[in-house]
Structures are given as structure tokens and as C-alpha cells.
Amino acid sequence: MRKKVLEPAISKTFKEAMLVVKALGERYIWIDSLCIIQDSPNRSDWFEESTKMHAIYANAFCNISATGAVDGRDGCFFDRSPLLVRPLRIKIAGGEDLPPGTYLCVDCDIWSGNIDNAPLTRRAWVVQERLLSRRVIHFSQRQIFWECRERQTCEIFPHGVPPQLQQSHEAMFKGIDPDIEGARARERRGRVSHPELNVYELWNSIVEAYTQASLTMEDDKFVAIMGLAQRIQELLERRYFAGLWEKYLADQLLWSPARSRGMVKPQKYIAPSWSWASFVVPITSPCLIRDTTDDNTLIQIVDLDVQTINDHPLSQVTSGSLRLRGSLVRGRIWKEISDGGRLGELTTVKYDIYDNGKLEQVDYIPNLDVSDPPGSVYVLPVKSITYETNGGLRARGLLLQLTGQCIREFRRVGTFQVRDLRVQNAHTQYVPLVDGDPLSADDIWLDGFKLDGKTLDTLTIV
């Protein structure tokens with residue numbers, strides 16, 4: 001049944017987008033806010049259509065992007081000076097570092113300033129719309145840009161933006177389609193290539209770009225990236241759990257926030273603590289896969305359970321738990337305030353392990369998910385890396401805290417790395433206190449956990 005859209009519902013941006021459609025000789029346009037019933041009972045239509053986003057954008061003829069618009073009142077077309085899109089050529093007599101000749105003077109931030117840092121691009125929903133589309137016409141405030149699987153162009157550079165002026169998003173844009181030669185850009189940089197690891201690295205880049213953008217509704221965290229997750233799932237043929245993939249899961253657990261200060265916890269439950277989606281903050285290194293073997297993995301995954309809305313595995317998460325076998329060491333973290341002289345007080349983080357009744361600082365370096373130190377923690381080594389020079393080992397892992405809700409149940413509070421120590425020595429040398437242990441109150445929740453740094457015990461992270 002057809003329904004007429006009332007004129008007030010058509011914003012300036014929508015009207016001008018329709019003019020673009022006609023100019024391109026096309027007949028149809030998809031606008032999410034008009035084509036999806038936003039206020040349907042239990043958001044049923046919204047959830048149903050959200051699962052189709054990857055197909056809608058991937059199969060569309062072109063994506064019209066009002067990139068320079070702050071909201072629907074700005075439209076696609078902007079008043080601008082023709083001089084902004086006129087090539088500026090300068091004759092130079094030459095000098096010590098520059099031979100004589102005619103040079104083209106352009107803004108070195110032409111792409112990042114007009115596209116990557118534009119108002120629309122800062123919206124999280126736009127990340128998948130842009131990457132899934134075969135072609136994108138960007139209407140920026142200064143000129144029109146074009147982006148597709150093969151090239152990036154603009155009015156100043158109609159035949160292609162010079163590579164040195166392009167941005168890293170190009171590799172992601174082309175990487176969605178692995179048949180495009182540009183998806184192999186990382187191989188040309190001299191890196192060892194593995195087709196499957198390339199896809200994981202692509203997901204890594206997507207998560208980093210996605211978490212730098214903002215969402216109006218926290219509940220949309222997984223839905224707004226669902227289309228990209230579906231595309232990656234087609235390439236990997238792996239199961240997806242709250243932003244992570246079942247294969248190489250240990251590596252993916254070692255994501256880190258780009259910064260610890262200013263970390264924001266969602267007001268509602270969005271994801272389990274082991275997922276990068278559990279914080280509202282830019283994420284770096286959500287996937288540190290270095291090879292295709294599990295020889296350096298120090299944990300064993302027992303079970304992974306994630307519940308979602310409507311049982312769609314890529315949709316909004318309602319609960320999640322990870323059961324694994326690993327060896328824990330117990331310690332604590334605190335801040336030390338020192339006199340910084342002219343710089344004032346300096347705050348540092350100390351990380352210590354209880355060793356045979358003594359408190360010994362060891363070479364463990366924490367990276368906390370929150371700015372305030374959590375006090376008592378449990379160290380779970382996850383991966384080891386062998387140094388090629390001296391054969392030494394470096395361990396990386398998770399910092400955990402007991403939830404105090406269920407036996408052997410923990411939540412993630414950060415990650416750590418230990419340098420220049422063999423993993424087995426780092427485990428067996430540092431053992432918890434037996435008598436007078438200030439952390440003995442935790443024992444009721446540990447339920448006989450060995451804590452000797454070498455015994456694999458089963459625990460749950462929520």
C-alpha cells in the first residue's frame with residue numbers, strides 16, 4: 001500500500017538529493033528515515049530493515065552523501081567561490097631543494113578536511129554506508145568528491161586525487177571487495193600477506209574508524225555496524241560474537257582504548273567487558289593477529305555465549321559471557337603522586353605482584369580501561385611473543401577483577417604486557433601470600449583457584 005510522504009517531512013537535503021537522482025537518470029531513492037518505520041512497535045520494522053543494510057548499500061547504483069551538511073537544513077549544495085575549484089599554478093625559478101618549473105599548489109588536507117573530518121563523516125552510522133556502497137558522491141562545503149572501488153576524485157583532480165593526498169580510508173573502501181587490486185595495498189608495503197589475516201586487519205581498521213565516530217543512541221552500537229559485520233562474515237565464514245570473531249579470539253581480546261582518560265561507560269548494557277563495544281571511546285588494536293598458528297596462545301576457550309535481540313547474531317547484545325581456561329596471578333594497581341617540580345604533581349601507575357609474603361614491583365606494564373586504578377586485580381596471560389634477537393618472551397594479557405556476583409566470575413579492567421621475562425618464569429616466580437594476604441577476602445569467590453601462575457583453571461569473564 002502506497003502512502004504519500006507529507007511535504008514537511010522532506011528536508012532540504014532530501015529534496016536536493018532527489019534532484020541529484022533525476023540528474024543521474026535514475027528513478028528511485030532510498031532514505032533510511034523515510035523508508036523505515038522509525039516508531040514501529042518494539043522497533044520491529046527498524047530491526048528487520050537493519051539486517052538488510054549491507055545489501056541495500058552494496059547493491060545501490062550510487063550513494064548520495066551530504067558530507068558537508070550539519071543537518072537536514074543544510075542540503076547538498078553549498079554556495080562557494082569558483083576559485084576554490086580552480087587549479088592554482090605557480091611558476092618557480094628554482095632553488096636549492098626545488099628545480100625550476102610550474103607547480104600546482106593545493107591543500108595537502110584536501111581529502112581529510114573535506115571528507116574524513118566533515119560533519120556527516122563523524123556519525124557512526126555513515127561508516128558502513130560509505131564503505132559498503134560501490135560509489136559515493138560527496139557534496140562537501142567546498143567542492144564535489146567522488147569515491148569508488150577504483151579511485152578518489154574531486155573537481156580539482158577529476159582524473160584522481162594524487163596518492164599522497166589520499167587517506168587511509170581508501171584501503172578500507174577497496175578492501176571490502178577483495179577482488180579489487182587496491183585491497184592488496186598492504187602487500188606492496190613489504191608486509192607478509194595472508195588472505196585471511198588481511199580480512200581481520202580490515203576489520204581492525206573498520207573498528208578503529210567506527211569507534212572514532214559518534215552515535216546518538218547507545219543501543220545502536222552493533223546495529224549501526226551490522227552491515228559491515230555481515231560483509232566480513234561472508235569473507236571469513238566465521239561466527240561473530242559481540243564485535244569479535246570466533247577464530248583467533250585470543251588475539252582479539254587484547255584490544256585497547258586509544259586513551260584511558262575520558263573513558264565513558266554506556267548508561268545501558270551494550271556489551272560484555274571483553275568486547276571493545278563495552279566502552280564509548282576510540283579503540284586501537286582490537287585485533288593483533290600475527291600468524292595463523294595458536295602456538296603462542298596461553299588460554300583455552302571453553303564456551304562463548306552471547307544473547308542478542310531477535311536471536312540475530314549480529315544484532316543488539318543483551319548479555320554475553322566467555323568461559324576459558326587460563327592461569328592467574330594476583331596483584332594490585334595504585335597511583336603514586338610524586339613531586340613534579342615546575343610541572344606540579346605527576347601521576348604514575350604502579351603494578352605489583354605479591355611474591356612469597358613480599359610486595360615486589362615487576363616489569364608488568366598495565367593499560368587500564370579506566371582512568372582510576374581498580375585496586376586488586378588478577379593477571380591473565382593470553383599471548384606470548386618470542387623475540388627474534390635473543391629468544392626471550394614477552395607476554396600480553398588481560399587485567400581482571402572479580403564481579404562478586406558469581407563464583408569465578410570476572411570482568412575485564414584492562415590489558416598488560418610484560419617485557420624481557422620468560423612467561424613460565426613470570427608465572428612460577430610470583431606466587432600469592434598464604435597468611436596475612438590482604439586480598440584473602442576474594443577467596444570465597446575464587447573457589448579454590450590455584451593462583452600459582454602455571455595451573456590452568458576455568459573462569460568466566462562477563
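This briefing walks through a helix contact, some salt bridges and some aromatic pairs in the structure above.

The model is predicted, so local features need pLDDT of at least 70 and side-chain atom pairs count only at pLDDT 80 or more, while totals for chains, interfaces and linings use all residues. Residues are numbered from 1 along each chain as its sequence is written, and side-chain values use heavy atoms, with hydrogens and water left out. Helices (H or I, at least four residues) and strands (E, at least two) are DSSP runs, numbered from the N terminus.

- Helix H6 (residues 124-132) and helix H10 (residues 226-236) have axes that come within 8 Å and cross at roughly 45°. The axes are lines fitted to C-alpha atoms, for helices over the stretch in contact, and angles run from 0 to 180 degrees between N-to-C directions.
- That angle makes H6 oblique to H10; under 35 degrees counts as roughly parallel, over 145 as roughly antiparallel, 65 to 115 as roughly perpendicular and the rest as oblique.
- On the H6 side, Val-127, Gln-128, Leu-131 and Leu-132 meet Met-226, Gly-227, Leu-228 and Arg-231 of H10, where contact means heavy atoms within 4.5 Å.
- Sorted by class, this contact of H6 with H10 has 5 nonpolar, 2 polar and 1 charged residues. Ala, Val, Leu, Ile, Met, Phe, Trp, Tyr, Cys and Pro count as nonpolar, Asp, Glu, Lys and Arg as charged, and the others, Gly among them, as polar.

**Salt bridges**

- Side chains of opposite charge can pair when their charged atoms come close. Here a salt bridge is a side-chain nitrogen of Lys or Arg within 4 Å of a carboxyl oxygen of Asp or Glu, and the count comes to 14 salt bridges.
- Glu-16 pairs with Lys-12 in a salt bridge, with the closest N and O atoms 2.8 Å apart. Both residues lie in helix H1 (residues 12-23), 4 residues apart, about one turn of the helix.
- Glu-16 is buried at 11% relative accessible area, whereas Lys-12 is partly exposed at 36%. Buried means under 20% relative accessible area, exposed over 50%, and partly exposed in between (1.4 Å probe, protein chains only).
- Another salt bridge joins Glu-196 and Arg-238, whose closest N and O atoms are 3.4 Å apart. This pair links distant parts of the chain, 42 residues apart: Glu-196 is in helix H9 (residues 195-212) and Arg-238 in the loop between H10 and strand E7 (240-241).
- Glu-196 counts as buried at 17% relative accessibility, and Arg-238 as partly exposed at 27%.

**Aromatic pairs**

- A pair of aromatic rings is described by the distance of the centres and the angle of the planes. Rings of Phe, Tyr and Trp (its six-membered ring) pair if their centres lie within 6.5 Å; planes under 30 degrees apart count as stacked, over 60 as edge-to-face and the rest as tilted.
- The structure holds 9 aromatic pairs. One of them is Phe-77 with Phe-139, edge-to-face at 5.7 Å centre to centre and 75° between the planes.
- Phe-77 is partly exposed, with a relative accessible area of 38%, while Phe-139 is buried at 7%.
- Trp-203 and Trp-245 are also edge-to-face, at 5.6 Å centre to centre and 80° between the planes. Trp-203 lies in helix H9 and Trp-245 in strand E8 (residues 244-245), so the pair ties together parts that are 42 residues apart in sequence.
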